[in-house]
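Subject: Structure for you to look through

Hello,

Here is the structure I said I would pass on. Please open it next to this message and follow along.

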Amino acid sequence: MDTLEDEPPMFSEKKTGTKFEMLHILLSGLLGAILASIPLARSAAVYYRDDMQAQYMPMFYAIGSTIVHGHTLPFLTTKSWYGGNIVGEFQYAIFNPIELFLYCFLPFFKSLSEGSAFLAVVHYAIFASGSFFLARSMGIPRGYSYVASIAIATSNFVYCWFSTSWFPNFTSLTYMVWVMAFALNSLRSRWYFAATVVATFLTVTSGFPQTIVMTGLFVFIYSMIGTLKNKDRSYLMPLWAYVLGMIISSAAFLPVLGMLPTGTRVSGIFNNGFLVPSLSDLLFVSSPIHPSRLMAFPGYGEIKQSIFYVAWFVIPILCFLDWKSVRNLPTSLLSTIIFCAISLILTQGPEHIGPFQFPIRFVPYFHITLILSAIALWFQYRLVFVSNFRIYVFFSIVFLFCILSIQETPQRYGDIALSSIFLAIAGFAMTRPAFKSSAWAIVTILFCVISRSSAPYYNSVVPDWGFYPSLLKENNLRTVPNSYEISVIDNPFISNDSNRYEEFWFGNMGLATGKFGINGYSPIGQRTLMQNFISSVHGMTHSEAGLKGLEIEPTTHASLFDLMRVQTIVLEHGRPLDLFTAAAPAGWKIIHSGQYANSFSRPLPSASLPGSLSWPVQGLHVSESVSARAEREVLTLSSRDKGVNRLVFARTYWGGYHATFNGKTVPVNPLAGFLVSVELPDDASPGTLVLSFRPPFFRIAIGLLILGLISIIMTLRNRTLWGGAAEIKV
C-alpha cells in the first residue's frame, strides 16, 4: 500500500517535476472556473445577492473606476458618509494587488451582476487550484487531489453564503488554502518560505479577520506538532513566515483600530444562538439533501439548501478505514485533523467574542480540512478487503441519517430517501478496486448537482435587494461633491420592483449610480452618525432621520443638514414623509413625487464655500487653489473676522484627520459627534489651512513593513537555514 511520508512526496509519481505539477495546478483551477460558471446558466445574478448588492459590488466598482479613470487608489471617500473610511473598513482589500487588479475590469462590465460573476469565477479558479496544491502538499495522489479540489470548490456553504453575499470571506479562503500549502512545503526551500510569506500577505489584505486567525492557527499547529514530534526546530519556519506576512500587511488591519473609538462594533462575549448552526446538522456531512434549521436574519426557520453537506465520500471513508493501523500520523495530516476538530468546536459559539461574530463563518474551515483529512486517511489507511459487516454498518448509518433528516423535514421525504439510496450505492462502489479516482471525481460532481438541484439556486436566508441598475456611472471616489442627499428609507421591501431604486437607495448603491450622500454601509460604523440617522449596517435610516437633520447645532446655530451640506432629501411614503413635511422650514421644495418616495431640495446655504467647508458662511474670505480631494483639502483664508476661529467641514469624523494652519498643527475635533471641526487661532490671522487624512498608525505600519522586508531578506540569505542538504532544490 502507498504511504504518506512526513515530508510531502509531491514529485514522487511517474511524471515528475515542477513544470508538470504546475500544469495540473493550472488545470485544477480551470476546472474550478468551469464548475463555478455552470450555475450562471440558471441565473446570471447567482453570485449577486444581499451584501454583494448593497455593499461590496458598488464599492468594488467605484474603486475600480477610481483606479482606471482617476489613476489613483482611494483610502477615503466623502461620497458615502456611513462607510466612507475605505481603509478602515478593511473588507475592501485595497492593499491586495490581485484584488485591485480584478477591480480594474469591473468598469468595463455592463452590470454589477456581470462583474460579480467575473469576480466569483476567477476566485473559484484560485480556490480550486490552491486546494489541489494543498492536497498534493499533504502527499495525496494526483487523481485524489483533483477529487479534493472539486469537493472543496463545489462547497454548498461557500456557494450559498460566501461567494454570493459575504464576498471577503470567500476571497480570504481562496488565499488561505495557498498559505496552508506553502507552509507545508516551506522547509523544502527558501522559495517556498517566501511564497508562504506572500500568500499570508494576500490572505491578510483580503480583509476577513476570522480567516486571518484561522490561517495562523493552522500554521501554529503544524509548527508546534512538527517541532515536538520530530524534535526539529526548523518546523518553526512556517510560523515565522506567517508572522512576517502579518508584519508586512499591517497597513491593512491597523487602520481598523483607529475606527474603533468612534465605531459601533459591539464588544464582549455572548451567545444568543444567532447564526449558530446545530451540531446535529453539521454531522450530516455526506447527506446531499438535508434541509436544516437555523436562527438567522428572518428568524428561526428552515434553510432549504444543504449548506452543511461536505462530500459524499466522508462517511464511507470513516466506515471503511483500517482504524487499527492508524498510527504515527504524518505531521501534515495530524495538524489538519486537529485544526478540523477545533473548527468544528468554534462553529458552536460564542456568537460574539471581541470583534468576531457569527460562528457559522467557521463552517468552511471545518469542511475544507474534513475533506482533506478524509481523503488522506483513505489513501493511507483504507482496508484492502472490506467485510460484509463493515458494509452493513455503512448502510445502517446511511439509513439512520435518512430517518433523522426526514424527521426534521418530513415534507421532503422522497428526495431525501432517493439521495440516501444514491449515497449507499456510491459508498458501496468505492470499496471495489475498479472505482478509481476519476470515478470519485465524477460522482462528486453528480452529488453536487443532486444537492443543488433539490433547492432554489440562492440562499433564501439572505435577501435579494433587487438592485439591478441599468446604467453605471463613472466614479472617482477621491473627488469631493458640492452637496449631498439623504435617502430616508426604513423598508426597502415596499416593492419588488427594481425600478424603485431610481427613487431611493441605501447602502453603497449610490456609488454605482452617481448619488452621493449620507447613506452607506459599514459593519464598524460611526457611532454618533448612526445614532442620529442610521438604523442598520446597511445604511437604512430611522424614520425620524429627516427631522434629526433639521435640528439646530447649538454652537454654530446651523442645522445639521446645513453643516452636512445636504441639499436633497428622499423620503419614503408613509411616516418618514409625513414627519418631514410637517416640520420642514421654508425653502424645501418638492422636486419629484414618485410611486414609492418623494424628493425635496433647497438652496444650499454654503453653496459659495469651496471644497467641503460648510460653516461659517459669513465672516471670512476663503478660496482653494486646487480642487479638494477626500484625503487632502487646502484652503486659503485671505481674511476672517475676529471670533471666526472654527471651521466645520461636511465630512464624517474619523480618527486620522490632521490639520495645519500656516504650517502649525491645529486641533481637529468632532462636532456633534460626527462632523469634522478645525479650531483656528483666535487672533483672526489669515493663512493657509491644510486638512488631510492619514490612516491611523500609518507610520507604524510603514515601519513594520520596512522591518518585515529586512527580516525576510535576512532570513532568505541565511546560509545556515538554507545552505545545507535540508533544502530541496525545485
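Start with strand E18 (residues 668–671), which is joined to E19 by 4 bridges, the two running antiparallel. Strands (E, at least two residues) and helices (H or I, at least four) are DSSP runs, numbered from the N terminus, and two strands count as paired if DSSP finds at least two bridges between them. Leu671 has Leu675 in E19 as its bridge partner. The two strands make a hairpin with 3 residues between them, and Ala672 in the turn has a positive phi of about 60°.

Before going further, a note on the source: this is a predicted model, in which local features need pLDDT of at least 70 and side-chain atom pairs count only at pLDDT 80 or more, while totals for chains, interfaces and linings use all residues. Residues are numbered from 1 along each chain as its sequence is written, and side-chain values use heavy atoms, with hydrogens and water left out.

E19 also pairs with strand E15 (residues 646–652), through 5 bridges and again antiparallel. There, Phe649 stands opposite Val676 in E19. How many of the 5 residues of E19 (residues 675–679) are buried? The number is 4, so the strand is largely enclosed by the rest of the structure. Buried means under 20% relative accessible area, exposed means over 50%, and partly exposed lies in between (1.4 Å probe, protein chains only).

Next is an open sheet of 5 strands, in the order E13-E14-E20-E16-E17, with antiparallel pairing. Which strands stand at the edges? They are E13 (620–623) and E17 (664–666); each has a single partner strand, so one side of each is left without a neighbour in the sheet. From one strand to the next the twist averages 30°. Such angles run from 0 to 180 degrees between N-to-C directions, and axes are lines fitted to C-alpha atoms, for helices over the stretch in contact.

At one end of this order, strand E16 (residues 657–661) is joined to E17 by 3 bridges. Phe661 is bridged to Lys664 in E17. In the loop between E16 and E17 lies Asn662, a residue other than glycine with a positive phi, near 55°. Asn662 is partly exposed, at 46% relative accessible area.

Phe697 also has a positive phi, near 60°. Its place is the loop between strand E20 (687–693) and helix H25 (698–717), and it is partly exposed, with a relative accessible area of 39%.

One runs from Gly349 to Pro350, with omega near 5°; Pro350 is in the loop between helix H15 (331–346) and strand E4 (352–353). Another joins Trp615 and Pro616, with omega about 5°, and Pro616 is in the loop between strand E12 (613–615) and E13.

Last, a pair of helices. The axes of H9 (residues 190–205) and H11 (residues 237–248) come within 8 Å and cross at roughly 45°. The two are therefore oblique to each other; under 35 degrees counts as roughly parallel, over 145 as roughly antiparallel, 65 to 115 as roughly perpendicular and the rest as oblique. The contact (heavy atoms within 4.5 Å) involves residues including Phe193 and Phe201 of H9 and Trp240 and Tyr242 of H11.

Regards
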